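Hi,

Here is the structure I promised to pass on. Have a look at it first, and then read my notes below.

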Amino acid sequence: MFRLETEVDMARRELLRSRLRETNTAASPVLRALRGTPRAREAPLHVWASDAAGGLAGGLVGHTWAGWLHVTYLWVDSRHRGAGLGSRLLSEAERVARTDRDCRAVRLETWDFQAPGFYRKRGYEVVGVIPDYPPGITEYTLTKTLA
């Protein structure tokens, strides 16, 4: 007999995460070898651009883990779009990931109305497509190998 609940419980969330991690580590020699190394820790990677007045002109938020950079957010203020700022933010994050954190690749998600073309022009390849997520929008997962 089981009782199912739909409440948010952060303590159980962490317990579940810990148990899943243990299960995955036991099942995967790759993850087992990763544990205890510097690459096993998720490390934030943020790149910020300020305008002349000190306001936020753009930024990139992501993290590195297991030799990969995962870009979570990349945004440029509309007043600064088209000037190469997005490319500079992305290039700097890639540089830090590659040279300072020994990452070999990048992954990210974007929607069809956001920037799939922007990323393709910068060497990213589409590796996954989810149509109608959310309804009426297509989500793309892209990756890039770092030199």
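Leaving aside its neighbours within four places in sequence, which residues is Tyr-124 in contact with? Bear in mind that this is a predicted model. With those neighbours set aside, Tyr-124 contacts Leu-90, Glu-94, Val-106, Leu-108, Tyr-119, Leu-142, Thr-143 and Lys-144.

Tyr-124 also turns up in the largest nonpolar core, which has 23 residues. Along with Leu-45, Leu-69, Val-71 and Tyr-119, Tyr-124 is among those that touch the most other members. The elements giving two or more residues to this core are strands 1 (43-50), 2 (56-65), 3 (68-76), 4 (105-111) and 6 (139-145), plus helix 3 (85-100). Helix 3 supplies the largest share, six residues.

Next, a residue from strand 3: His-70. His-70 has a relative accessible area of 18%, so it counts as buried, the cut-off being under 20%. Its side chain makes a polar contact with the side chain of Glu-109, at 3.0 Å. Not counting residues up to four places away in sequence, His-70 touches Gly-62, His-63, Arg-107 and Leu-108 as well as Glu-109.

Then there is Thr-145, in strand 6. Is Thr-145 buried or exposed? Thr-145 is exposed, because its relative accessibility is 65% and the cut-off is over 50%. Once residues up to four places away in sequence are left out, Thr-145 touches Arg-104 and Ala-105. Thr-145 and Ala-66 are 79 residues apart in sequence, and their C-alpha atoms are 14 Å apart in space.

Cheers

Methods
Residues numbered from 1 in each chain as written. Predicted model: local features only at pLDDT ≥ 70, side-chain atom pairs only at ≥ 80, totals over all residues. Heavy atoms only, no water. Core = buried A, V, L, I, M, F, W, Y, C linked by side-chain atoms within 4.5 Å. Buried < 20%, exposed > 50% of the residue type's maximum accessible area, 1.4 Å probe, protein only. Helix = DSSP H or I, 4+ residues; strand = E, 2+ residues; numbered from the N terminus. Contact = heavy atoms within 4.5 Å. Polar contact = N/O pair within 3.5 Å; in protein donor to acceptor, adjacent residues only side chain to side chain.
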